[in-house]
Amino acid sequence: MLFSSISFLYVFLPVVILLYMLVPGRGKNIVLLLASLFFYAWGEIRYLLLMVGAIALGYVAGLLIEKMSGRRAGKLVLAAAVLLCLGILGIFKYADFFISSFNQAFGGALPLLKLALPIGISFYMFQVISYMADVYRGRTEAQKNPLTLAVYIAMFPQLIAGPIVRYTDVKAALTDRQITAPAVSEGITRFAIGLGKKVLIANTLGELCAVYRGISEPTVLFTWLYAAAVTLQIYFDFSGYSDMAIGLGRVLGFSFPENFRHPLTAGSVTDFWRRWHITLGSWFRDYLYIPLGGNRVAPWRHILNIFVVWMATGFWHGAGWNFIIWGLFFAVLLIIEKYGLLKHLGKWRVLSHFYLILTVGISFIIFDNDVLAMGLARIGSLFGAGGIPFSSAETLFYLKDFGIILLIAVLGATRLPLMLVQKLKTRHEGAVAIVTPFFNAALILLATAFIVNGSFNPFLYFRF
């Protein structure tokens, strides 16, 4: 069930919120868990038991790890549980990739498993792993109530698209949370903005990307439009879903961590990854990069650690060579920055930002193309490879047709909208408070009109 669907917006969500607000005290967790299981079963009922099994694994392993704290047995339980989580993830998400790669490399004919990818498996498995690791490290006590742990792992707002919420982030709120009118109002606004970003901007940019993929004779200018559109589409799609998740969390009494902080305004790749998919980056930092030794090792080992982490980051996004190359592409850039370039980028702000936008644009062309050769050809088209023309009548038509939404997306990716809102709140706080509910309603209704009209409405992160 998509957040940006009529069934979610006008049936599931109102019913759940109404029941949730009416039920007192700890009954809210029961409502939230049942709603979350129904939400997941709506799209993946056959894999509901898989998620329940992951919850049971995390619960039992957490108790055992805590009981064996300080002993080698506790470490063995953690290792076994993590390997089991990664094994399940590997079978469902990566088995066919490895089989097909083996067949291509050695001329084999092993049959593919052809297993459907369980929605959100990468997100909830990472949450189970982080919970068990934090119990082992003594950062939190094991949760004794299986219902409470199930609510944490299965909670529908962040189940299929993140942010990757750690148990320690919501531990207190799982058993004692306050639902206030200001928090609910803030959550509704955040949800409405996220819905608008997803439906009105990301989906429209997706249409432009689809047009480009379908043309037989690309031009240099159209390829640059495509590079801009695909980068902005991915940003608004994922940040829009994160906004909706964070907003729903606020309505339900939770404070989820931020996942994006205007990453396209960064001046380096290092800064970009401090702002983009923050919860994933911090997860890999704390549960892979630091355990490998981080930067407190010899330079050659540090470089190896970066490659390992970024190969894993790319592979997390999808079972394809394009995702691995995408991750390694960032690894190379980060190594170059850490070992010399970064100290120079701050001296030339305009050039450093141009460098960031160019490299990120190229990276998302790789990300967007399952066939690596096609991605490389399109990167070449940015610079006129193969003698393609700079422009054409068709290119100018689509530039005119999508020019306004591209401009809105570019401005929306900066801090300008936030600065304007903050300025208005400072000068006209009362007026803003009155207008905000009408703004939210208008944005939701406009998005609804686009959805009902049958507009392009994919969800890019379902495959993750």
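Trainee: In which helix is the place of valine 77?
Mentor: This is a predicted model, in which local features need pLDDT of at least 70, side-chain atom pairs count only at pLDDT 80 or more, and totals for chains, interfaces and linings use all residues. Residues are numbered from 1 along each chain as its sequence is written, and side-chain values use heavy atoms, with hydrogens and water left out. Helices (H or I, at least four residues) and strands (E, at least two) are DSSP runs, numbered from the N terminus. Valine 77 is in helix α4.

Trainee: Which residues does valine 77 touch, not counting those up to four places away in sequence?
Mentor: Contact means heavy atoms within 4.5 Å. Isoleucine 65 is 12 residues from valine 77 in sequence, and their C-alpha atoms are 6.4 Å apart. With residues up to four places away not counted, valine 77 touches Ala61, Leu64, Ile65 and Met68.

Trainee: Are α3 and α4 roughly parallel or roughly antiparallel to each other?
Mentor: Axes are lines fitted to C-alpha atoms, for helices over the stretch in contact, and angles run from 0 to 180 degrees between N-to-C directions. The axes of α3 (residues 48-67) and α4 (residues 72-106) come within 9 Å and cross at roughly 165°. Angles under 35 degrees count as roughly parallel, over 145 as roughly antiparallel, 65 to 115 as roughly perpendicular and the rest as oblique. The two helices are therefore roughly antiparallel.

Trainee: Is the crossing of α8 and α18 left-handed or right-handed?
Mentor: The axes of α8 (residues 181-214) and α18 come within 9 Å and cross at roughly 35°. A crossing is left-handed if the near helix is turned anticlockwise from the far one by less than a right angle, and right-handed if clockwise. The crossing of α8 and α18 is left-handed.

Trainee: How does α1 lie to α18, oblique or roughly perpendicular?
Mentor: The axes of α1 (residues 6-22) and α18 (residues 429-452) come within 10 Å and cross at roughly 125°. That makes the position of α1 to α18 oblique.

Trainee: Is serine 352 buried or exposed?
Mentor: Serine 352 is in helix α14 (residues 349-368). Leaving aside neighbours within four places in sequence, serine 352 is in contact with Gly267 and Leu345. Buried means under 20% relative accessible area, exposed over 50%, partly exposed in between (1.4 Å probe, protein chains only). Serine 352 has 6% relative accessibility and so counts as buried.

Trainee: What kind of aromatic pair do phenylalanine 238 and phenylalanine 260 form?
Mentor: Rings of Phe, Tyr and Trp (its six-membered ring) pair if their centres lie within 6.5 Å; planes under 30 degrees apart count as stacked, over 60 as edge-to-face and the rest as tilted. By this rule the count comes to 53 aromatic pairs. For phenylalanine 238 and phenylalanine 260, the centres are 5.3 Å apart and the planes 85° apart, which makes the pair edge-to-face.

Trainee: How many residues apart in sequence are the parts that this pair ties together?
Mentor: Both phenylalanine 238 and phenylalanine 260 are buried. Phenylalanine 238 lies in helix α9 (residues 220-252) and phenylalanine 260 in the loop between α9 and α10 (269-275), so the separation of the parts in sequence is 22 residues.
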